[in-house]
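Colleague: Could you take a close look at one part of this model for me? I'd like to hear about the core.

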Amino acid sequence: MTKWDEKYVMAVVALPMYFVLTMAPHFARLPVMARFMGGLKEANVEPRKAFEELANSDDSKAAFVRRCTGAHMNSWENYIVFISALVAAVAGGVKPSFVNDCSLIIILARLCYIVCYLSFGQGILSTIRSFFYIVGHGTCFALWVKASMEICD
């Protein structure tokens, strides 16, 4: 047996990795907002106002900022789903290897989701983005089901 099979290594590492992925779109929009507002210092005085001004313009940079904001907000909304699935799985006594594999799948699905979201994809990229969203949530659902099965045994 390896460490992967007997400890929740990936599950523990996945939590801060997911947090970093959640913050990545936020930081991706900062340079664009800083250029729009005339510098990072000016954009940081009233960041929400700066965002609203840029988001309401018809510039292609505004579209990118809106997509970054959407990806950032969606990641936060789904972070609790991931955390609750991990807590249920660990508390339910699900095998660490299964939890680790699911954690890795969720992280990779979220990474691919964010890349598709930020790439200005129309049509097929939007469909692929939805696919990765479903993979992430499906994996969380699998953790919940497995935890329920372990608890009921």
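Which residues touch the most other members of the largest nonpolar core?

Modeller: Keep in mind that this is a predicted model. The largest nonpolar core has 34 residues, and the ones touching the most other members are Phe82, Val99 and Leu143. As for who builds it, at least two core residues come from each of helix 2 (9-37), helix 4 (47-55), helix 5 (60-92), helix 6 (96-118) and helix 7 (124-152). Helix 5 gives the largest share, eleven residues.

Let's zoom in on Leu143. Leaving aside residues up to four places away in sequence, Leu143 touches Ala85, Leu86, Ala89, Phe98, Val99, Cys102 and Ile106.

Now over to Val65, which sits in helix 5. Val65 counts as buried because its relative accessible area is 0%, and the cut-off is under 20%. With residues up to four places away skipped, Val65 touches Arg29, Val32, Met33, Phe51 and Leu54. Pro25 is 40 residues from Val65 in sequence, yet their C-alpha atoms are 8.8 Å apart.

Zooming back out, the protein has seven helices and zero strands. Of its 153 residues, 38% are buried. For contacts between residues at least 6 apart in sequence, 75% link residues at least 24 apart.

Technical notes
Residues numbered from 1 in each chain as written. Predicted model: local features only at pLDDT ≥ 70, side-chain atom pairs only at ≥ 80, totals over all residues. Heavy atoms only, no water. Core = buried A, V, L, I, M, F, W, Y, C linked by side-chain atoms within 4.5 Å. Buried < 20%, exposed > 50% of the residue type's maximum accessible area, 1.4 Å probe, protein only. Helix = DSSP H or I, 4+ residues; strand = E, 2+ residues; numbered from the N terminus. Contact = heavy atoms within 4.5 Å.
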